[in-house]
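Please go through the structure below with the following briefing at hand. The points are grouped by topic.

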Amino acid sequence: MPAVRILVRATGAVTDLPDGVCLTAGRAAPCEVRVDDPSVSRRHCTLEARDGELHVEDLESANGTYVNDRLVRSGVARPGDVIRLGNAMLDVRSAEGSVAAGAAAVQRHEGAYESVIEKVFEPSRFEWLSTAAGGPELQLLERAQRHLATLHRVSELLAGARDMKGLADATLRAILEVTSADRAAVVLRRQDPSTGEAEVAAALSRDGVSERFSVSRTLVADVIEKGVSTFAHDASADDRFSEGESVIRQNVRSVMCVPLRTTDEVLGALYADSLSGPGRFTEGDLELLSAIGNQAGVALHRVRLLGELERLLLDTIRAIAATIDAKDGYTHRHSERVAMLARRLGQEMGLSDAELETVELSGLLHDVGKIAVPDAILNKPGRLTAEEFEEMKKHPGHGARILSNIQAPSVLAVLPGVKHHHEKWDGTGYPEGLAGEGIPLLGRLLGVADVFDALTSARSYRAAMPIDTAVRIIRDDAGTHFDPALSELVVRLHARGDLLPEEWDG
């Protein structure tokens, strides 16, 4: 009977296996086929020659056993084939020393491998720490260390995400960092099933391109419905994926998909694929991706709750602003217009989205202290007396004290604007007489927006001024009442026709 020859590429070591002989390959000294590579398990697989073929049995190795880049638990290799143990390569040859004539570079032995694996990973269990994972104790500890280090890094990335965009970006970059995927996507379950079960919310490729791509709808729907983690070693060769347009058209090969879940529900899926060849993923990769999916699912649930709370807070703030404006009969929608104009100025200054949100909230809440001002003063027809004006001047301080009882960071951030929107550049304003850049930027922004809206709104003692006149006053009072840079900004935006937001109705 013909024998089979095994060549270890890294060392050039050659082992001949007569028919019927079974050897063990791995890192451990007793193994007959020694492969000194850290990615190889101590007892990685067995190799048995039968009728000129090599029967391969994986021994629950950490990084898997592959025949021609196809993951196998029990497979067959022939002369001309390549066996991969972790990162180490073994060439299969005939004992006569030559590759069988005409042997294909990649041969398949259907049924010898499990082409698609579906598995449920419980969020509360660390399966890589159990003896069921297989392998010696040291190997298990090394594997656990890699997993835990990865998950700790992912946890840190996700902890800083405050919105869906930040969460998706952190998740996708983590997937591409810790797996050999070429592309990754976050797929979210739709709230309205009539529009489709799921949609790609964000995607990223290894070259940094963030354009969304088609994913296997069959695979994603199955993962979301069943809550199972799934991967295909060669999607193009598997009947369940070979007819999918996304698989064929995009030349997708290996695919992984896991639930994006909390302990109570599946919110979507994490999808990763390889375009460069089959066998890029192992069951260990699937386990790790599943753990990332559990972390990302909890983070997504947190982000959604934060979003709901922020929307509730904003709605409450708008209601408060409307109440204040209703209390002061001459300032209908004044707070909203101040918020819009201050945000417009902040956009032109290049403030970040987070800073612009603070500017807008400050505008909506800048007059909240008027709740503590008597109605007789707020709604007095005509100018205030000196005593009445002194009472009115207390409203910035009242507002800051009222809002300081709310410990939400987004509310505490608006306090400088609420308290100091009546300060003047030359130090003659109130409540503290701050001057120049000693006035917080929020106070300076709201000061300009507040005066502009007051000038362009009708009062009992005067008509509303034309916008051109109001802009001229803002310009002329630069360096006394207003920050000169902001006054110039108002003039420049007005000249361009970009000063007032589209929603402005003053």
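In strand E17, Ala-269 is the bridge partner of Val-187. E17 (residues 266-273) and strand E13 pair in the antiparallel sense over 6 bridges. This is a predicted model, in which local features need pLDDT of at least 70 and side-chain atom pairs count only at pLDDT 80 or more, while totals for chains, interfaces and linings use all residues. Residues are numbered from 1 along each chain as its sequence is written, and side-chain values use heavy atoms, with hydrogens and water left out.

**Strand E13 and its partners**

- Strands (E, at least two residues) and helices (H or I, at least four) are DSSP runs, numbered from the N terminus; two strands pair if DSSP finds at least two bridges between them.
- E13 (residues 183-189) is also joined to strand E14 (residues 198-205), by 7 bridges in the antiparallel sense.
- Within E14, Ala-202 stands opposite Val-186.
- E13 is largely enclosed by the rest of the structure, because 6 of its 7 residues are buried.
- Buried means under 20% relative accessible area, exposed over 50%, and partly exposed in between (1.4 Å probe, protein chains only).

**The six-stranded sheet**

- An open sheet is formed by 6 strands in the order E2-E1-E11-E10-E7-E8, with antiparallel pairing.
- Its edge strands, E2 (14-17) and E8 (70-72), each pair on one side only.
- From one strand to the next, the twist averages 30 degrees; axes are lines fitted to C-alpha atoms, for helices over the stretch in contact, and angles run from 0 to 180 degrees between N-to-C directions.
- Strands E7 (residues 65-67) and E10 (residues 82-85) run antiparallel and are joined by 3 bridges.
- The bridge partner of Val-67 in E10 is Ile-83.

**Helix H6**

- H6 (residues 334-349) has 16 residues and reaches 23 Å from its first C-alpha to its last, close to the 22 Å expected; the expected span is 1.5 Å times one less than the number of residues.
- H6 is mostly covered, with 12 of its 16 residues buried.
- The buried residues of H6 include Arg-337, Val-338, Met-340, Leu-341, Arg-343 and Arg-344.
- Gly-350, which follows H6, has a positive phi, near 85 degrees.

**Cysteines**

- The structure holds 0 disulfides, a disulfide being a pair of cysteine sulfur atoms within 2.5 Å.
- The closest cysteine sulfur to that of Cys-22 is in Cys-45, 9.3 Å away, too far for a bond.
- Cys-22 is partly exposed, at 40% relative accessible area, whereas Cys-257 counts as buried at 0% relative accessibility.
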